[in-house]
Amino acid sequence: MQRRNFLRAATIGIGVAAFGNTLTPSAMAAPAQNGPSPYGPLQPADDNGIRLPEGFTSRVIARSGQQVAGYTWHSAPDGGAVFADGSGWIYVSNSEVFFGGGASAVRFDGSGNITDAYRVLSGTRVNCAGGAMPWDTWLSCEEIDRGYVYETNPWGPASAAVRRSAMGRFKHEAAAADPVRKVVYMTEDVSDGRFYRFVPDTWGDLSSGTLQVLVAGGGTAGGFSWADVPDPDGSPTATRHQVSGSKSFDGGEGLHYANDTAWFTTKGDNRVWQLNLADSTYELAYDDSLVDPGSAPLTGVDNVTGSSFGDLYVAEDGGNMEICIITPDDVVAPFLRVTGQSSSEITGPAFTPAGDRLYFSSQRGTSGSSSGGITYEVTGPFRT
């Protein structure tokens, strides 16, 4: 997936300094700008209160506190991922509540029928986001001070989950595997959070390894390196304060890896960042202050996923309850909007292996309470 390499002229001073004064204004290109969606305009809300492009449909697959395939779906559904299961698939979803958080799963057959639902992680707290690993496990991350990462089995049971202490104790948000460099990237959800990577001693085994933090300047573009975190346990000094020169990010949220690139969101400044891992540079993929004034289509950036076509799908925490698309040619536009749920947030977007179904949740639904979460499926002619 190839995206713009440099910032627009509004940030030329930072960009030129970061790249050694080798750029000219004509070499600049903008982070994503608002434009027409490749799927066309949103249609009126359907029976589920969701506005979708023409040709797409939605259905509710689970509601917090209600039975799905004989299992009571968890409160406050958050980060999620899809895993192939024979001709079918499994959608795993976190529960972002302080007591009894963890994660659950829904299993589908090859026709999309729900066949089972069950718990895959119990006894943890504020499980916000996480990440799917190439060896078919789900990392569920605690968004609390000195929180842990738990590695879970999407097929269950909950007792199979394992705490991965070597991955560091901090206010975890999301995780993403990079099979090329054989590392796992992680975001931290605090106003001066850091961006980390975990280098396992053995790829595929997260029981031991080295926690590192990204080191870079204070600008919005430039080069970066990695430094070991001396004490991943984070006590008495928090991991984000242990390495001089580590780069601060304002509220790290969602994270997605594909094709030597990692994209992650920061909610404090409403940005999507792009790490170009092949050449160790970073830049902005989106910044709501750099689109046409008053017309930012994406606000409250949160969870993010990608399609096989190369489109990014960014969920909003707040905003106007949209999932927005950022195309490979840097156009940002709404893909869907959830109506009548202004006290909620959109979480857990994830595609099926075939790329023709998208799952996500409204964490607090119409009630505005964690007990009112709703998990949806959208089906249609996605670009693949």
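The side chain of Glu188 makes a polar contact with the side chain of Tyr196 at 2.9 Å (a pair of N or O atoms within 3.5 Å, one able to donate a hydrogen and the other to accept it; residues adjacent in sequence count only if both atoms are side-chain atoms). The model is predicted, so local features need pLDDT of at least 70 and side-chain atom pairs pLDDT 80 or more, while totals for chains, interfaces and linings use all residues. Numbering runs from 1 along each chain as its sequence is written, and side-chain values use heavy atoms, with hydrogens and water left out.

Glu188 belongs to strand S15, residues 183-188 (strands are DSSP runs of E, at least two residues, numbered from the N terminus). Glu188 counts as buried because its relative accessibility is 1%, the cut-off being under 20% with a 1.4 Å probe and protein chains only. Leaving aside residues up to four places away in sequence, Glu188 touches several others, among them Phe170, Arg194, Tyr196 and Arg240 (heavy atoms within 4.5 Å).

Now for the rings. The count comes to 29 aromatic pairs, taking Phe, Tyr and Trp rings (the six-membered one for Trp) with centres within 6.5 Å. Such pairs link Tyr185, Phe195, Phe224, Trp226, Phe249, Tyr257, Phe264, Trp273 and Tyr282 into a cluster. Phe249 also has the charged end of Lys247 over its ring, 5.5 Å from the centre, and the charged end of Arg163 sits over the ring of Tyr148 at 4.1 Å from its centre. For this, NZ of Lys or CZ of Arg must be within 6 Å of the ring centre and within 35 degrees of the ring normal.

Note on methods
Rings of Phe, Tyr and Trp (its six-membered ring) pair if their centres lie within 6.5 Å; planes under 30 degrees apart count as stacked, over 60 as edge-to-face and the rest as tilted. Helices (H or I, at least four residues) and strands (E, at least two) are DSSP runs, numbered from the N terminus. Buried means under 20% relative accessible area, exposed over 50%, partly exposed in between (1.4 Å probe, protein chains only).
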